[in-house]
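Good morning, and thank you for coming.

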Amino acid sequence: MTLSLRQRRRHETALQIQRATLELGTENGLDHVTTEEIAVAAGVSTRTFFNYFPNKEAAAIGHPPEFCDTDMVALRDSTAPLAEGIKRLLDKHLNKLAEDEAILRMVGNVLRDNEKARGILDGFLLAQRKELAEVLCHRMANSQAADALAFITTSAIGCAISLWGTRKQHNS
């Protein structure tokens, strides 16, 4: 998917704000950082900050990637075993998340210390869970089982994000 120049600039500005939020939040604790301080560190006005994010917790979480449409269609239409399709979807999604590992690590750190940020991430995961459940309903006869499998899958994504902050410590 090719983004227009305007879309690329908006994406870059959102990333600048997210990075500044995470860096300040990592140094001082997100609760001790103001949106004004974040805006200054990101090189934007406070008004611009609020054009992108409703609060500093949302800025810390940023805009997590959604499931790729082609991956969801492939999962829905595949005749391969469901476990293989879900593994492929998770692998691709986690690889997409890991494209900026430094940010992901900082998000993981913020999630440990900030319940409001965790709630915002949970909102994103809930939207993904609903989308995934719809796709799984095409493959499974039991909608409750599809909902449960979607819940487990998106919970795994949430756990991976939360744990990413400790990943470097475990690899050392």
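Let us begin with helix H1, residues 5–28, which has 24 residues and reaches 34 Å from its first C-alpha to its last, close to the 34 Å expected at 1.5 Å a residue. The expected span is 1.5 Å times one less than the number of residues. Helices here are DSSP runs of H or I with at least four residues, numbered from the N terminus.

Please keep in mind that this is a predicted model, in which local features need pLDDT of at least 70, side-chain atom pairs count only at pLDDT 80 or more, and totals for chains, interfaces and linings use all residues. Residues are numbered from 1 along each chain as its sequence is written, and side-chain values use heavy atoms, leaving out hydrogens and water.

Which residues of H1 are buried? They are Thr 13, Ala 14, Leu 15, Ile 17, Gln 18, Ala 20, Thr 21, Leu 22, Leu 24 and Gly 25. Buried means under 20% relative accessible area, with a 1.4 Å probe and protein chains only. These buried residues pack against helices H2 (35–42), H3 (46–52), H4 (56–61) and H7 (101–113). After H1 comes Gly 29, with a positive phi near 85°.

Consider next how H1 meets H2. Their axes, lines fitted to C-alpha atoms over the stretch in contact, come within 8 Å and cross at roughly 120°. The angle runs from 0 to 180 degrees between N-to-C directions.

We turn now to the cores. A nonpolar core is a set of buried Ala, Val, Leu, Ile, Met, Phe, Trp, Tyr and Cys residues joined through side-chain atoms within 4.5 Å. The largest has 31 residues, and Leu 132 and Ile 161 have the most contacts inside it. H8 gives the largest share of this core, seven residues. A second, separate core has 14 residues, including Ile 38 and Ala 58.

Finally, consider Leu 75, which lies in helix H5, residues 69–77. Leu 75 counts as buried because its relative accessibility is 2%. Beyond neighbours within four places in sequence, its contacts include Leu 82, Leu 89 and Leu 132.

Conventions
Helices (H or I, at least four residues) and strands (E, at least two) are DSSP runs, numbered from the N terminus. Buried means under 20% relative accessible area, exposed over 50%, partly exposed in between (1.4 Å probe, protein chains only). Contact means heavy atoms within 4.5 Å.
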